[in-house]
Amino acid sequence: MVTTSESSTATLTPRAAIRPYRVRVPRSVIARITQRVRATKLPEPAAPDDSWAFGMSAATMRDLVSYWTTDYDWYRTEAELNAHPQFLANVDGTMVHFYHVQGARRNATPVVLTHGWPGSVFEFLRVIEPLTHPERFGGDVRQSLTLVIPSLPGFGFAPVPPRETIGPVTTARLWHSLMTRVLGYQRFGVQGGDLGCIVSTRLAHLFPESVIGLHLNLVPPPNKPIERMNDEERQWLQRSAAFRAQELDYFQLMAHKPATMSLVLGDNPVGTAAWMLEKFKLWSDTGVSFEPVFTMHQLISAVMIYLVTGTADSVPWFYRGVLRETQGQSHPGERIKVPTAVAEFPKDLINGRPPRSLVQFGYNLVRYTSMPSGGHFAALEEPLRFARDVGEFFHSLREPARPAS
């Protein structure tokens, strides 16, 4: 643990307030979920070719249900989750679940990785070792990072918060307290995609004195007046608007009708899987099927994390918090001054991939990487490329950062 400097006025939380955590799910819980899945009556395909044009493929869901009820082993997933140290801590009245994994170097830069939905901390498991021990993957040990990977409030292993809604701004403040008061890191980096990119951007905006650098694999676009946009930016704006109209109904439902969505998702394993896995398919760099980008084990594990914790129904309330705390603007409005890196994965959501010129308008952009493949779930789809970009960026900040050309 890095201690506070002598000049800091932060008060560290007593270490007794941090307690180790391990995932332990009773077999009765797994049996009940499996029984519910097995008893589900699946509909017939929505179209003759059973394409994904109308949402989740019925044929694919049948295959997933067959694997889920015959071959899937939750306790393999549990072992994967417990392979790295996890903790619970009371942070400003909210219980926070997080991984805390030390880097190979004694003074490795601490970095907070924040997930989104339908992801969870599970999607970062494949990058923990490449980021903390890059030398084991052909990298430079000097790029080793110490990782803090929290679960968003009410997601997965994070207890549901007591407040009605917590959004990305409140979460950014929680993460700052977690890093500075609980763990004692007064300077740290932040990284995020999906909801995590909003949390991370707000952290950089609210606490520039604490944030060393901001790494994004999805970019909250800045609000540049349209009359000041160039042709490429205007074309992106049109494509982004069309994408939002076609694909962001899920966001509107969860943000505006969280109580209804909680009832829909609360005790419906196959429905929850369809709601989540359609996004895994359409937002990632897949072809006709999920494989080889995702295995069935990974897909069912992503869903099961929400089912075994009973948090599938609390997720919509965070989206309500997004609406309440940002008024629909994912970027804070003021230019982000901390050094920023963007890793653009070509199959990610178009509304989070603004042109580089627009990123430069809203951020202190010092690094921009166009990846050859990969999509929305970058750490899960392209773990080594993701880890290399993150590690190189934060290592570069040990030297004076210069804007990207």
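This is a predicted model: local features need pLDDT of at least 70, side-chain atom pairs count only at pLDDT 80 or more; totals for chains, interfaces and linings use all residues.
Biologist: Where do I start? How many helices and strands does the protein chain have?

Modeller: Start with the inventory. The protein chain has 15 helices and nine strands. Its C-alpha atoms fill a box of roughly 60 × 55 × 45 Å along the principal axes.

Biologist: What does the radius of gyration tell me about the protein chain?

Modeller: Set the value beside the one for a compact globule. For 405 residues, that would be near 22 Å. The protein chain has 21 Å, so the two agree.

Biologist: What share of the residues is buried?

Modeller: Buried residues are 58% of the 405. Look at contacts too. Take those with a separation of 6 or more: 79% of them join residues 24 or more positions apart.

Biologist: Now helix packing. At what angle do H3 and H11 pack?

Modeller: Read the angle and the axis distance together. Helix H3 spans residues 74–81, and helix H11 spans 296–309. They pack at about 80 degrees, with axes 10 Å apart. Angles of 65 to 115 degrees count as roughly perpendicular, so H3 is roughly perpendicular to H11.

Biologist: Which residues make that contact?

Modeller: From H3 come Trp74, Arg76, Thr77, Glu80 and Leu81. From H11 come His297, Ser301, Met304, Ile305 and Val308. By class, the contact of H3 with H11 has five nonpolar, three polar and two charged residues.

Biologist: And how do H10 and H11 cross?

Modeller: Helix H10 covers residues 269–282. The axes of H10 and H11 come within 10 Å and cross at roughly 130 degrees. The two helices are therefore oblique to each other. The crossing is right-handed.

Biologist: Which residues of H10 and H11 meet?

Modeller: H10 brings Pro269, Thr272, Ala273, Met276, Leu277 and Phe280. H11 brings Leu299, Ala302, Val303, Tyr306 and Leu307. The contact of H10 with H11 has ten nonpolar residues, one polar and no charged ones.

Biologist: What is the phi of Asp92, and where does Asp92 lie?

Modeller: Asp92 has a positive phi of about 50 degrees, though it is not a glycine. Its place is the loop between strand S2 (86–91) and strand S3 (94–101). Asp194 also has a positive phi of about 50 degrees. That residue is in the loop between strand S6 (188–192) and helix H6 (195–206).

Biologist: What about Arg27 and Arg388?

Modeller: Arg27 is in helix H1 (residues 27–39). At 63% relative accessibility, Arg27 counts as exposed. Its C-alpha atom is 42 Å from that of Gln186, 159 residues apart along the chain. Arg388 is in helix H15 (residues 383–396). Arg388 is partly exposed, at 45%. Arg388 and Ala245 are 143 residues apart in sequence and 34 Å apart in space, C-alpha to C-alpha.

Note on methods: Residues are numbered from 1 along each chain as its sequence is written. Side-chain values use heavy atoms; hydrogens and water are left out. Axes are lines fitted to C-alpha atoms, for helices over the stretch in contact, and angles run from 0 to 180 degrees between N-to-C directions. Helices (H or I, at least four residues) and strands (E, at least two) are DSSP runs, numbered from the N terminus. Angles under 35 degrees count as roughly parallel, over 145 as roughly antiparallel, 65 to 115 as roughly perpendicular and the rest as oblique. Contact means heavy atoms within 4.5 Å. Ala, Val, Leu, Ile, Met, Phe, Trp, Tyr, Cys and Pro count as nonpolar, Asp, Glu, Lys and Arg as charged, and the others, Gly among them, as polar. A crossing is left-handed if the near helix is turned anticlockwise from the far one by less than a right angle, and right-handed if clockwise. The radius of gyration is taken over C-alpha atoms; the globule rule is 2.2 Å times the number of residues to the power 0.38. Buried means under 20% relative accessible area, exposed over 50%, partly exposed in between (1.4 Å probe, protein chains only).
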